[in-house]
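Hi there,

Here is the model I promised to pass on. Have a look at it first, and then read on for my notes.

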Amino acid sequence: MKTAQEMKPNSVILIDGQPWMVQKAEFTKSGRNSAIVKMKLKNLLSGSTTETVYKTDDKVEPVILERIAVTYSYVADSVYVFMDEDYNQYELNEDDIESVLPYIVDGMSDICEAVFFEGKVISVDLPTMIVRQITYTEGSARGDTSGKVMKPAKLSNGTEIKVADFCEIDDWIEIDTRTGEYKSRAKAPV
């Protein structure tokens, strides 16, 4: 058991038999009252979020989730199939991987992590940085040199993202999967 004060973002705790990820933990100490920790939590099974308050010395049960390296294989009837190095297949519904869905494309070779709770796969995490190809974007705005000029672009799976003004169709770009933001141009993956 750990205290609520020891919980950091991305830690996972067990509440009523369900795994909850700490998205935000804010320590507050006021003059008269005891110190508290405000937490924003996300249920890893249902996807629901909640905010709650704990005293700093409240006990919480941390959970260590098993993670296995997997690669995307295919999609069939809104069920996404991932495979590990031993050719074991793990099936996930669209709802289970909603946050990473905009970055999944056919033929991607990114090494992902399947997250397990009590032997059942509950989600998939993508690498922090991924490389994707722009399939459509408008031309550059002439004469605008005011600084960081961004324009909309589409990836091969239809996802829209804001990219730098100098990016063109068929350019490869690097995307931060935590924020969904364009980072830089990149070389085509091998």
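To start with a question: over residues 67-122, what percentage of the chain is helix and what percentage is strand? That stretch is 0% helix and 52% strand, and its end C-alpha atoms are 10 Å apart. Helices (H or I, at least four residues) and strands (E, at least two) are taken from DSSP runs and numbered from the N terminus. I picked residues 67-122 because the UniProt record, an unreviewed entry, annotates them as "domain: Translation elongation factor P/YeiP central"; positions there follow the numbering used here, feature names are shortened, and such annotations may be inferred rather than shown by experiment.

A word on the ground rules. This is a predicted model, in which local features need pLDDT of at least 70 and side-chain atom pairs count only at pLDDT 80 or more, while totals for chains, interfaces and linings use all residues. Residues are numbered from 1 along each chain as its sequence is written, and side-chain values use heavy atoms, with hydrogens and water left out.

**The five-stranded sheet**

There is an open sheet of five strands with antiparallel pairing, in the order S14-S13-S12-S15-S16. Two strands count as paired if DSSP finds at least two bridges between them. At the edges are S14 (160-164) and S16 (181-186), each pairing on one side only. Neighbouring strands in this sheet are turned against each other by 55 degrees on average, direction ignored; the axes are lines fitted to C-alpha atoms, and angles run from 0 to 180 degrees between N-to-C directions. Within the sheet, S12 (residues 129-137) and S15 (residues 172-176) pair in the antiparallel sense over five bridges. In that pairing, Ile130 stands opposite Ile175 in S15.

**Aromatic pairs**

The structure holds three aromatic pairs. Rings of Phe, Tyr and Trp (its six-membered ring) pair if their centres lie within 6.5 Å; planes under 30 degrees apart count as stacked, over 60 as edge-to-face and the rest as tilted. One of the pairs is Tyr72 with Phe82: their ring centres are 5.6 Å apart and their planes stand at 65 degrees, so this pair is edge-to-face. Because Tyr72 is in strand S7 (residues 66-76) and Phe82 in strand S8 (residues 79-83), the pair ties together parts that are 10 residues apart in sequence. Tyr72 is buried at a relative accessible area of 8%, and Phe82 is buried at 1%. Here buried means under 20% relative accessible area, exposed over 50%, and partly exposed in between (1.4 Å probe, protein chains only). Tyr72 and Phe82 also form one aromatic cluster with Tyr80.

Tyr90 and Phe116 make another pair, with ring centres 5.2 Å apart and planes at 80 degrees, so it is edge-to-face. Tyr90 sits in strand S9 (residues 89-93) and Phe116 in strand S10 (residues 112-117), so parts 26 residues apart in sequence are tied together. Tyr90 is buried at 14% relative accessibility, and Phe116 is buried at 8%.

**Salt bridges**

How many salt bridges does the structure hold? There are five, a salt bridge being a side-chain nitrogen of Lys or Arg within 4 Å of a carboxyl oxygen of Asp or Glu. Among them is Arg67 with Glu113, where the closest N and O atoms are 3.5 Å apart. Arg67 lies in strand S7 and Glu113 in strand S10, so this bridge ties together parts that are 46 residues apart in sequence. Arg67 is partly exposed at 37%, and Glu113 is partly exposed at 36%. Arg67, Glu113 and Asp125 are linked in a network of salt bridges.

Another one joins Asp110 and Arg132 (2.7 Å, N to O). It links distant parts of the chain, with Asp110 in the loop between S9 and S10 and Arg132 in strand S12, 22 residues apart. Asp110 is buried at 16%, and Arg132 is buried at 6%.

Then there is Arg178 with Asp176 (2.9 Å, N to O).

**Around Ser123**

Ser123 is placed in strand S11 (residues 120-125) and is buried, with a relative accessible area of 16%. Leaving aside neighbours within four places in sequence, Ser123 is in contact (heavy atoms within 4.5 Å) with Leu92, Asp96, Glu113, Ala114 and Val115.

Best wishes
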